[in-house]
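Me: Can you walk me through this one? I'd like to start with how the chains meet.
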Amino acid sequence: MPVDISYYVILSAVLFFIGVAGVILRRNPLIVLMSIELIFNAANLALVAFAREWSNNAGHIFAFLVITVAAAEAAIGLAIVVVVFRRSKNVDVDEVAGLRG
Amino acid sequence: MPPFVMPFGTSDWSAVLPLSVVALTPLLVLLLDLILPKAMRRGAAVTIAALGLIAGGLLALQGWGHPFAAFGGGFVNGGFTIVFEEVIVAGALISLLLATHLGRDDQSGGAIALLLWSASGAMLLAGAANLMTIFLGLELLSLALYCLCGLSSRPSAREASLKYLILSSTASGFMLYGMALLFGATGSVQLAALLAPPASTTLFTLGCGLFMIGFAFKLSLVPFHVWTPDVYEGAPLPVTAFMSIVTKAGALAVIARFAYAALPQPQAQAILIPLWILAALSMIAGNVAALAQTDMKRLLAYSGIAQLGYVVAALAGTTALGLRYAIFYLIAYMFMNLGAFAVVALLSREHEEGSRLSAFAGLGYRQPALAAAMTFFLMGLAGLPPTAGFIGKILILSSSVDAGYAWLAGVLIVGTAISAYVYFKIVRAMYARTTGADIQRAVKPASLLPWLGVGICAVAILVLGLYPVAPSDVLPLVK
């Protein structure tokens with residue numbers, strides 16, 4: 001039974017908002033990075049759903065591109081987190097507040 | 001079974017030749033970094049990178065006058081693309097002159113390679129005409145910069161790197177979700193497809209909104225600017241100089257192409273109004289916040305927020321003249337801002353950047369030539385004749401009044417008035433008679449290369465101020 005596209009789009013919107021909430025509310029940089037990945041994957045889900053709706057492969061290709069870039073982003077992000085928190089025992093973005101903001 | 005056909009021909013590859021040269025030069029830099037003795041590495045890396053950038057800039061000029069779409073509309077070459085590519089190449093070249101302070105000696109090859117990769121991402125943005133190319137260019141630009149921001153032994157550099165990573169990736173996520181919604185509304189990833197009436201207006205409006213929020217963040221327009229001062233202060237000086245112009249030029253190219261060429265005409269002005277409001281907020285808030293700063297890099301960060309507000313304000317009403325003037329002001333801003341950064345580089349010691357305002361106290365008596373150059377750059381940023389900043393602001397004022405946005409012109413004048421106080425605070429510090437032990441000894445810079453940057457910027461500002469030439473034939477194309 002085909003599922004209506006609106007369900008996929010609503011699911012992707014929910015994932016997007018969970019990701020945004022995670023970035024804003026969570027203090028652990030690893031969780032923040034995971035939330036950013038969630039935003040990217042929400043976009044992927046929407047892209048693939050719309051690609052099916054429009055029968056346009058561009059959406060699938062775009063999703064693969066995003067997966068690749070998100071992997072690079074995660075690699076660099078984890079490296080930066082390691083460099084920043086190598087000296088301190090606990091990992092918390094509130095600790096990183098030398099600059100005034 | 002059909003014979004295998006290469007989907008893209010030589011004309012496609014020739015369109016991306018300039019940015020390919022800039023993207024491949026780092027491989028040579030990294031290779032030489034392995035071979036050469038330690039003492040020669042930094043000099044060799046800077047030289048090769050500069051040659052690669054110059055080659056890319058010259059190759060880009062060859063495409064002038066033959067606009068065409070390469071890669072099935074993914075990358076559009078033309079006057080608009082070429083002008084932005086030249087701005088990016090020039091910005092990267094002048095930042096490179098300051099790169100004697102970038103990283104430890106054993107990191108210099110990698111650092112300069114990352115700088116060039118970041119520049120190639122911005123060049124991709126200059127010609128990007130579909131959503132995938134825009135995303136790819138933006139991430140190439142940003143990923144290299146996240147690493148560059150942390151390239152310093154100061155803890156604040158690592159902090160800047162983390163903050164930039166988290167905030168900028170979130171903005172990329174917003175923009176990407178906006179792109180997904182735009183794809184859903186139009187059924188195509190081409191910017192040209194946005195011109196047709198969308199299948200779903202709700203998706204289209206939401207998509208445009210998220211897309212513009214993402215780019216407002218990259219342009220650091222108020223209220224999406226909070227990351228800018230921290231990242232500018234924490235990042236090493238050459239990287240700050242690079243970010244202040246190259247990332248802005250790349251993001252501006254996308255937003256201008258989007259505003260001018262990719263929106264259905266009757267609704268376009270309504271969709272873009274939030275952008276002009278953000279520009280107005282930036283002009284005021286950037287200059288007001290700059291008043292309180294005591295660190296030169298933070299001050300230039302806030303002044304940069306305001307200056308980008310002026311550039312975006314020139315686009316209001318999306319007139320052809322407004323775009324030419326925006327590009328003229330962007331070029332003027334590049335020279336004024338990089339000139340100021342070059343002066344800061346000349347005041348830097350081995351392990352300490354000369355970015356505190358106290359480093360400027362009495363500079364007019366210690367190093368008169370440097371103080372005179374700095375005064376000239378600040379006059380430009382404040383918009384006084386005979387600099388290019390003055391002409392640029394007059395042009396923006398005239399175009400925004402012509403386009404029916406007189407209120408933006410009014411905000412621009414108020415912003416300029418506030419900024420004059422910001423910039424002349426520094427001039428006064430340089431020439432005021434100070435007493436007591438406050439005066440520092442003259443700094444012997446680690447390298448004389450930034451002097452070359454100061455010279456180029458000063459001459460360019462004077463020449464552009466006396467003979468203003470706004471590039472013609474720069475309307476962006478999407479197909």
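Here is a short chat about the interface and then about chain B.

Reply: Quick note before we start: this is a predicted model, where local features need pLDDT of at least 70, side-chain atom pairs count only at pLDDT 80 or more, and totals for chains, interfaces and linings use all residues. Residues are numbered from 1 along each chain, chains are lettered from A in the order written, and side-chain values use heavy atoms, without hydrogens and water.

Me: OK, how many residues of chain A are in contact with chain B?
Reply: 43 residues of chain A, touching 42 residues of chain B; contact means heavy atoms within 4.5 Å.

Me: And how much area do they bury between them?
Reply: About 3,600 Å², with 78% of it on carbon and sulfur atoms. That's the accessible area (1.4 Å probe) lost when the two parts are put together, summed over both.

Me: Which elements of chain A give two or more residues to that side?
Reply: α1 (5–25), α2 (29–54) and α3 (58–85) of chain A. α3(A) gives the most, 16 residues. Helices here are DSSP runs of H or I, at least four residues, and strands are runs of E, at least two, numbered from the N terminus.

Me: Switching to chain B, what's its secondary structure?
Reply: 18 helices and two strands.

Me: How much of chain B is buried?
Reply: 65% of its 479 residues, buried being under 20% relative accessible area with a 1.4 Å probe, protein chains only.

Me: What size of box does it fill?
Reply: The C-alpha atoms of chain B fill roughly 80 × 60 × 40 Å along the principal axes.

Conventions: Buried < 20%, exposed > 50% of the residue type's maximum accessible area, 1.4 Å probe, protein only.
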